[in-house]
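Look over the sequence and the model, then read on.

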Amino acid sequence: GAEPPAGPPDWLDYQAQANSLLRDCSAPIFLPRLVRLYKQLRQHSISNPDGALFALFHLSASEIRMYSATHAMLVSVMSGLAARDVLNWPAEQEQSLCLAALTMNLGMTELQDKLAQQLSPPSAEQRQVINQHARRSVHMLQSIGIQDQDWLEAVLNHHTVSSGPLASRSPGLRMARLIQRADMFGARLAPRASRTPTAPAAAMQASYFDESRQVDEAGAALIKAVGIYSPGSFVKLNTDEVATVIRRGANTTTPKVA
């Protein structure tokens, strides 16, 4: 059962928990700690989705040393919101999805943090780690006894799954597609040492349309859940002032700002 976390969320503590988990996934404590983190994140995204999105977007834009952990939490919360509020997936699928999102880059946590701070493009050696990280993440999960096939399939395919309707796919591949769109969206909004972030509307548009410029079902569900201007992102107002979005609006294009 999910015990609601006591008191207000401590996002810096969750970030530190995720960071230490992803850097040392030795059994047997890994899975219970991971599930506990997931339940805390889920509880906050149910009781205050705007606050959770705000905190995670803000953290991923301001803390690049723990980028991998923060990005994993953001992708997990965004995917979970879309699965629960838009796609109406059953709770056990939502959990597999969110755990897959948290662990998708297990095989390159240190490298991902390094790349966020690195000015030069990835070296040939780094590129090889990137190309192999999904398979490596799956091996690491299997080695600590994870047997949930949907979770493993989602991690394995979170970069390679193609566009198309969700209904015709296995649950694991559906999860992979949702993670892929959320991953892309979150990464475009985060600054790296080597590039400035994309504007929220452009990042959303890239997630909304698939590789052949058709509306992507997973991407569209994500936008419905999160809003084009998600909480924690910066927007430029008509007055040329810069504001931060604090709450999703009545529809995806009318956020509340401060």
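**Helix α11 and its cap**

Asp216 caps the N-terminal end of α11, with a side-chain oxygen 3.2 Å from the backbone nitrogen of Ala218. This is a predicted model: local features need pLDDT of at least 70, side-chain atom pairs count only at pLDDT 80 or more, and totals for chains, interfaces and linings use all residues. Residues are numbered from 1 along each chain as its sequence is written, and side-chain values use heavy atoms, with hydrogens and water left out.

- Buried means under 20% relative accessible area, with a 1.4 Å probe and protein chains only.
- The buried residues are Ala218, Gly219, Ala221, Leu222, Ile223, Ala225 and Val226.
- Just after α11, Gly227 takes a positive phi of about 90 degrees.
- Helices are DSSP runs (H or I, at least four residues), numbered from the N terminus.

**Helices α7 and α8**

- Helix α7 (residues 124-143) packs against helix α8 (residues 149-156) at about 155 degrees, with the axes 8 Å apart.
- That makes α7 roughly antiparallel to α8 (an angle over 145 degrees).
- On α7, the contact (heavy atoms within 4.5 Å) uses Ala134, Arg135, Ser137, Val138, Leu141 and Gln142.
- On α8, the contact uses Trp151, Leu152, Val155 and Leu156.

**Asp113**

- Asp113 lies in helix α6 (residues 109-117).
- Asp113 is buried, at 2% relative accessible area.
- Leaving aside neighbours within four places in sequence, Asp113 contacts Asn19, Arg23, Ile64, Arg65, Met66, Tyr67 and Ser68.

Key
Axes fitted to C-alpha atoms, helices over the stretch in contact; angles between N-to-C directions. Helix = DSSP H or I, 4+ residues; strand = E, 2+ residues; numbered from the N terminus. Parallel < 35°, antiparallel > 145°, perpendicular 65-115°, else oblique. Buried < 20%, exposed > 50% of the residue type's maximum accessible area, 1.4 Å probe, protein only. Polar contact = N/O pair within 3.5 Å; in protein donor to acceptor, adjacent residues only side chain to side chain.
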